[in-house]
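Me: I'd like to understand where the labels in a structure description come from. Could you go through some with me?

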Amino acid sequence: MRKLLRNTFFATIAAGIIICLITNPVLFYGQNTPGPSVDTARLRSEVAWLCNSPFPRNVDHPELLDSAARWIAAELKKEGILSWEQVYEVNGKKYRNVCCSFGPRTAKRVIAGAHYDVCGDQAGADDNASGTVGLLEMA
């Protein structure tokens with residue numbers, strides 16, 4: 001049962017952050033215009049935050065997952081990006097995805113996601129932090 005719970009949790013939380021982008025970047029940036037640059041200092045800072053935040057952020061510690069979700073939403077807000085939560089319940093415990101959307105609602109979309117939970121009792125640098133901050137940087 002515990003294995004099923006973990007598998008269900010990991011499958012669901014994989015969409016922890018959903019960022020929707022328009023599918024044709026040429027329409028947004030122009031044919032020969034390079035996209036935005038990546039702020040490597042911010043990436044390092046965000047990975048450090050996730051790796052040093054209270055852990056383990058796993059199925060057994062939803063309060064620590066909530067802490068990371070609040071931080072992610074605050075990071076999006078700093079950039080002027082509105083987000084919302086998709087809350088779901090598994091075996092009486094509530095978990096949440098942090099969601100946001102970009103571009104016109106009628107255009108084709110690309111869905112990108114990353115998970116902010118960890119597997120086991122670790123900080124999660126390779127397990128999730130790099131994907132999460134990659135999506136924050138895209139935002």
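Reply: Happy to! Keep in mind that this is a predicted model.

Me: What makes up the protein chain, and in which order do the elements run?

Reply: The protein chain has 5 helices and 4 strands. Starting at the N terminus, the order is α-β-α-α-α-β-β-β-α. Of the 139 residues, 35% are buried. Among contacts with a separation of 6 or more, 68% are between residues 24 or more positions apart.

Me: Why is α3 called roughly antiparallel to α4?

Reply: Helix α3 covers residues 40–52 and helix α4 covers residues 62–78, and they pack at an angle of about 160° with axes 11 Å apart. Angles over 145 degrees count as roughly antiparallel, so that label applies to α3 and α4. Their crossing is right-handed.

Me: Which residues make the contact of α3 with α4?

Reply: From α3 come Glu-46, Trp-49 and Leu-50, and from α4 come Ser-67, Ala-68, Trp-71 and Glu-75. Sorted by class, the contact has 4 nonpolar, 1 polar and 2 charged residues. Glu counts as charged, which is how Glu-46 and Glu-75 are classed here.

Me: How do you know whether Cys-51 is buried or exposed?

Reply: Its relative accessibility is 16%. Buried means under 20%, so Cys-51 counts as buried. Cys-119 has a relative accessible area of 46%. That value lies between the cut-offs of 20% and 50%, so Cys-119 is partly exposed.

Me: How many disulfides does the structure hold?

Reply: It holds 0 disulfides. For a pair to be counted, two cysteine sulfur atoms would have to be within 2.5 Å.

Me: Why is Pro-62 called buried?

Reply: Pro-62 belongs to helix α4. At a relative accessible area of 14%, Pro-62 is buried, because the cut-off is under 20%. Leaving out residues up to four places away in sequence, Pro-62 touches Lys-93, Lys-94 and Tyr-95.

Me: Where is Ser-37, and why is it called exposed?

Reply: Ser-37 is in the loop between α2 (25–29) and α3. Its relative accessible area is 70%, and exposed means over 50%, so Ser-37 counts as exposed. Ser-37 and Met-138 are 101 residues apart in sequence and 9.8 Å apart in space, C-alpha to C-alpha.

Me: What is worth noting about the backbone at Asn-91?

Reply: Asn-91 is not a glycine, yet its phi is positive, about 50°. Most residues other than glycine have a negative phi. Asn-91 is in the loop between β2 (84–90) and β3 (93–101). With 54% relative accessibility, Asn-91 counts as exposed, because the cut-off is over 50%.

Me: Which peptide bond is cis, and what is its omega?

Reply: The one joining Phe-55 and Pro-56, with omega about 15°. Most peptide bonds are trans. Pro-56 lies in the loop between α3 and α4.

How values were computed. Residues numbered from 1 in each chain as written. Predicted model: local features only at pLDDT ≥ 70, side-chain atom pairs only at ≥ 80, totals over all residues. Heavy atoms only, no water. Buried < 20%, exposed > 50% of the residue type's maximum accessible area, 1.4 Å probe, protein only. Axes fitted to C-alpha atoms, helices over the stretch in contact; angles between N-to-C directions. Helix = DSSP H or I, 4+ residues; strand = E, 2+ residues; numbered from the N terminus. Parallel < 35°, antiparallel > 145°, perpendicular 65-115°, else oblique. Left-handed = near helix turned anticlockwise from the far one by under 90°. Contact = heavy atoms within 4.5 Å.
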